[in-house]
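Please keep the sequence and the model in view while reading.

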Amino acid sequence: MTRFRAPLALRPDPVVDLPDTAMVMAAGLGKRMRPLTATRPKPLVQVAGRTLLDRTLDHLRAAGLKRAVVNVHYLADAIEAHLKARDQGLEIQISDERAMLLETGGGVVKAMPLINRDTFFVVNSDNLWIDGSVDTLKLIASRWDDAAMDALLLLVPYARAMCHSGQGDFHMDAGGRLRRRAHARVAPFVYTGIQLISRRLIIDPPEGAFSTNLFWDRAIEAGRLYGVVHPGLWFDVGTPQAVKRTEALLDQE
């Protein structure tokens, strides 16, 4: 981890041990985003004039991260070309899933040889967030407790999950420990697609494609899955309608 102390500014930033690497999940098929994804991968869909992938990478760079590992599958050549043309400010490596889409958990496992860190961020490229009073990634890092946690998820209150149509994902106790939403119930917190995890979470994975939920369930059973609440804005940009709604909401800011 890189010890990071932000310069004096109007927006306070915590002094944290900031992981310098993030995995960016960019391999999905983007079926719910059709027809926008008929000719482009979902991470390259634009919202208010900027691609979702660029918005994510901009956040990583602004927080002070140095490396991003981006996985690719659907229209992978387009993503690679976009990354090569980008003024990056980050070292970017590609985790190639062209041969087989591995879902979230399998994607992380395949990328592990490229992630030489004990803790690292995993960030979905299909969400859009705006920082609150503190840089979001630094906020997550400031709440990390290596002795107690295997994963720390950024959550947003259900009532503030903009453009989200689900029923919530987690309940959180006073200490930040998470448990799943009960069947047919609504949970008060929604997962934002941003997490900080430890390598020790990635043990005995199954072969092939599987969801990160497998690792989370193990962490819940061990009492080592925690959450932190996002104080800023978050948008679930999963459909063309959500793109339009997000752009309208951003115009109001």
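β11 and β16 run parallel to each other and are joined by two bridges, strands here being DSSP runs of E with at least two residues and helices runs of H or I with at least four, both numbered from the N terminus. Two strands are said to pair if DSSP finds at least two bridges between them. Ala161 has Trp234 of β16 as its bridge partner. These strands belong to an open sheet of three strands with mixed pairing, in the order β9-β16-β11; its edge strands, β9 (127–130) and β11 (161–162), each pair on one side only.

The model is a predicted one, in which local features need pLDDT of at least 70 and side-chain atom pairs count only at pLDDT 80 or more, while totals for chains, interfaces and linings use all residues. Residues are numbered from 1 along each chain as its sequence is written, and side-chain values use heavy atoms, with hydrogens and water left out.

β6 runs parallel to β3, to which it is joined by five bridges, and Val69 of β6 stands opposite Met23. β6 is also parallel to β7, here through six bridges, with Val70 opposite Ile94 in β7.

The buried residues of α3 include Gly105, Gly106, Gly107, Val108 and Ala111. Those buried residues pack against β3 (21–25), β6 (67–72), β7 (91–96), β8, β14 and α5, where contact means heavy atoms within 4.5 Å.

Thr136 is found in helix α4, which spans residues 136–142, and is buried, with a relative accessible area of 1%. Not counting residues up to four places away in sequence, Thr136 touches Trp129, Asp131, Leu154 and His230. Ala248, in helix α6 (residues 240–251), is by contrast partly exposed, at a relative accessible area of 33%. Although Ala248 and Ala48 are 200 residues apart along the chain, their C-alpha atoms are separated by 8.9 Å.

## Nonpolar cores

A nonpolar core is a set of buried Ala, Val, Leu, Ile, Met, Phe, Trp, Tyr and Cys residues joined through side-chain atoms within 4.5 Å. The largest has 39 residues, and those with the most contacts inside it are Leu57, Leu60, Phe121 and Ile140. Apart from this core lies another, of 24 residues, among them Val69, Leu155, Phe189 and Phe215.

Leaving aside neighbours within four places in sequence, Ile140 is in contact with Phe121, Leu152, Leu154, Ile194, Leu196 and Val228.

## The largest pocket

The largest pocket has a volume of about 990 Å³. Of the 36 residues that line this pocket, Thr104, Asn124, Asp126, Tyr191 and Gly193 are the closest to its centre. On a 1 Å grid over the protein atoms alone, a pocket is an open set of points where a 1.4 Å probe fits, with protein on both sides within 12 Å along at least five of seven lines, and lining residues have an atom within 4 Å of a point. Grid points are joined across faces, edges and corners, and a volume is the space filled by probe spheres set on the points.

At least two lining residues come from each of α3 (103–111), β8 (119–124), β14 (189–198), α5 (213–221) and β16 (233–236), and β14 supplies the largest share, five residues.

Key:
Buried means under 20% relative accessible area, exposed over 50%, partly exposed in between (1.4 Å probe, protein chains only).
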